[in-house]
Amino acid sequence: MALFRGLSGRLLILTIVVVMLVEVAIFVPSVARFRADYLDERVVRAQIASLSVLAAPDGMVSPELQRQLLKRTEALNIVLREKGSSAMILTSEEMPEVSATFDLRRMDAGAMIVDALKRMLSGHGSDVIRVIGEPTMMDAEAIEITLDSAPLRTAMLDYGWRILRLSLIISVITAAMIFLAVRRFVVSPLMRVVENVKAFQENPEDPSRIIRPSSRVGEIADAERALAEMQQDVLTALRERSRLASLGEALAKISHDLRNMLSTGQLMADRLEMSRDPLVGRTLPKLIGSLDRAINLVQRTLTYGAAEEAPPELRQVRLRALAEEVAEGLGLGVEGGPVRCEVAIPERHTVLADPEQLYRVLANLMRNALEAIAASGRPGEIRVRAEETAAAQLIRVSDTGPGLPAKALENLFKPFRGGTRRGSTGLGLAIAQELVRAHGGELKLISSTTGGTEFEIRLPTKPAAAG
Ligand SMILES: Nc1ncnc2c1ncn2[C@@H]1O[C@H](COP(=O)(O)OP(=O)(O)OP(=O)(O)O)[C@@H](O)[C@H]1O
Ligand SMILES: [Mg+2]
């Protein structure tokens, strides 16, 4: 019975039912028509019988011939009506009582249907009726016959059964054809999609399991295409994830040993503190600061896991000093270099942020700017500005470089996607965005033209509730 729960099974039954209903709708008027034709024909036969009687000398025929004629007409009496008089043409010995009279000359469709159904439902007993018809072959006003309607009923039932049988055959054939068509065009392709989804689910990383759209039915082909696209996306996402997972593991290992190496560097730098060399005196604090920062970062990465940043520890940070430190770390402090850096921020301006993380955000943005200008081979300038409104603290980093290439624009802030230069990882902007978002803020590309690029860091004035 599972067959009838499916789409094609249900359609099979529905088609049979619908065709049968249509047949009933056709049956009722056609059985009425059948009855009318039947009676019409009896009238015609009666006329022929009358003609042979009228043709006989003085209108008399032998009783034997009379019986024969009535038998052929299937009538009990035949009466011919002229104006004002009527003549019994043929009559049988029996004169049964007439139960109803039907005038075929004045019959509407509704009455015909009612009369036909009435007779069919009224049992098989004999029932004599009178029928009045139009004498088409002779010159008379009307021709009237009495006949037993039992054979009429039998003929109507016969006819009904024939129609029923025929409609059964038609509906079964139609239904079977619809069933097969639905199977072929809908159910099988759907099953194929379902099978494919199951197979894909078992091993979503196998590209050969992505469905190849093949249905010729538009809607199903659309569904197949959409499925194929989705499977492709899932596959890409899974691959990216496993790549990220292995990268994370590698990062954890590297971080671990890097911390040890950096610690050694820190130890060595500490020893240099004894030196009296003025150059050492100037650069050493910065070297130590940078090493501290590196050790701190590595340590935090190890504690929080490679994929997650530590939550920001907010403080009031003097932005100008921080930006200048970044610039210096990038080697931008040197006067007369090809790339100038201008930090247009008042000395006392502060922002509420995690200094370590804000340093990394600025470092990534300014390093990108520096690299872009350097790659263009022309001199240029990087500017850092700040602004504070009631709702947000804004920091803008702009440069006069060549602007972002299309690939970087399309994949802005997506890890591993946007990198365009050789040896670049395409992580810088993604990291910066993640760090700014962790502050409850947003990093945005304001403009990028062949004349320069500008990024905006927007931080909330109050720390976001989630931190
Ligand atoms: N200021 C800029 N001017 C021009 N192009 C830029 C600028 N900033 C970023 N880009 C483009 O965007 C791409 C993505 O930058 P992102 O910092 O995310 O990665 P990356 O610099 O390529 O690699 P890394 O992970 O080492 O930072 C860069 O490769 C570069 O092409
Ligand atoms: Mg970068």
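This is a predicted model: local features need pLDDT of at least 70, side-chain atom pairs count only at pLDDT 80 or more; totals for chains, interfaces and linings use all residues.
## Salt bridges across the chain

This structure holds 26 salt bridges. As background, side chains of opposite charge can pair when their charged atoms come close.

Let's begin with a pair inside one helix. Asp-37 and Arg-33 join their side chains in a salt bridge, with 3.1 Å from N to O. Both residues belong to helix α2, where they sit 4 residues apart, or about one turn of the helix. Asp-37 is partly exposed, because its relative accessibility is 39%. Arg-33 is partly exposed too, at 43% relative accessibility.

## A bridge between two helices

Glu-224 makes a salt bridge with Arg-192, and their closest N and O atoms are 3.3 Å apart. Glu-224 is part of helix α6 (residues 218–272) while Arg-192 is part of helix α5 (residues 150–202), so the bridge ties together parts that are 32 residues apart in sequence.

Is Glu-224 buried or exposed? Glu-224 has a relative accessible area of 0%, so this residue is buried. Arg-192, its partner in the salt bridge, is partly exposed, with a relative accessible area of 35%.

## A bridge between two strands

The side chains of Glu-342 and Arg-383 form a salt bridge with an N to O distance of 4.0 Å. This pair links distant parts of the chain, since Glu-342 lies in strand β7 (residues 339–344) and Arg-383 lies in strand β9 (residues 380–388), 41 residues apart. Glu-342 counts as partly exposed at 29% relative accessibility, and Arg-383 is partly exposed with a relative accessible area of 29%.

There is also a network to look for on your screen. Arg-385, Glu-387, Arg-396, Glu-454, Glu-456 and Arg-458 are joined into one network by salt bridges that share partners.

## Around ligand 1

Now to the ligand. The surroundings of ligand 1 are made up of 20 residues, and the closest are Asn-368, Asp-399, Thr-420, Thr-425 and Leu-427. Sorted by class, this shell contains 7 nonpolar, 10 polar and 3 charged residues.

Which atoms of the protein come up to the polar atoms of ligand 1? Asp-399 places a polar side-chain atom 2.8 Å from a nitrogen atom of the ligand. Backbone atoms take part as well: a polar backbone atom of Gly-428 is 3.0 Å from an oxygen atom of ligand 1, and a polar backbone atom of Leu-429 is 2.9 Å from an oxygen atom of ligand 1. On its own, ligand 1 has 590 Å² of accessible area, and the protein covers 90% of that. Two elements, α9 (355–376) and α11 (428–438), each give two or more residues to the shell. Of the elements, α9 gives the most, with 4 residues.

Helix α2 comes back into view here. Ile-26 is located in this helix, which covers residues 7–55. Together with Leu-14, Val-18 and Val-22, Ile-26 makes a nonpolar patch on the surface, and the four have about 330 Å² of accessible area together. Ile-26 itself counts as partly exposed, because its relative accessibility is 44%.

Leu-121 lies in helix α4 (residues 109–121). With a relative accessible area of 73%, Leu-121 is exposed. From Leu-121 to Leu-157 there are 36 residues in sequence, and the C-alpha atoms of the two are 9.9 Å apart in space.

A last stop concerns the backbone. Most residues other than glycine have a negative phi. Where does Glu-74 sit in the chain? Glu-74 is in the loop between α3 (63–73) and β1 (77–82). Its phi is near 60°, a positive value in a residue other than glycine. Glu-74 is partly exposed, with a relative accessible area of 36%.

Phe-413 also has a positive phi, near 70°, and is likewise a residue other than glycine. Phe-413 belongs to the loop between α10 (406–410) and α11. Helix α11 is one of the elements that give two or more residues to the shell around ligand 1.

Definitions and conventions
Residues are numbered from 1 along each chain as its sequence is written. Chains are lettered from A and ligands numbered from 1 in the order in which they are written. Side-chain values use heavy atoms; hydrogens and water are left out. A residue is near a molecule or strand if one of its heavy atoms lies within 4 Å of it. A polar contact is a pair of N or O atoms within 3.5 Å; within protein, one must be able to donate a hydrogen and the other to accept it, and residues adjacent in sequence count only if both atoms are side-chain atoms. Accessible areas come from the Shrake-Rupley method with a 1.4 Å probe; for residues, only the protein chains shown count as cover. Ala, Val, Leu, Ile, Met, Phe, Trp, Tyr, Cys and Pro count as nonpolar, Asp, Glu, Lys and Arg as charged, and the others, Gly among them, as polar. Buried means under 20% relative accessible area, exposed over 50%, partly exposed in between (1.4 Å probe, protein chains only). Patches are made of residues with over 30% relative accessible area and no salt bridge: like charges are joined within 9 Å, nonpolar side chains (Val, Leu, Ile, Met, Phe, Trp, Tyr) within 5 Å.
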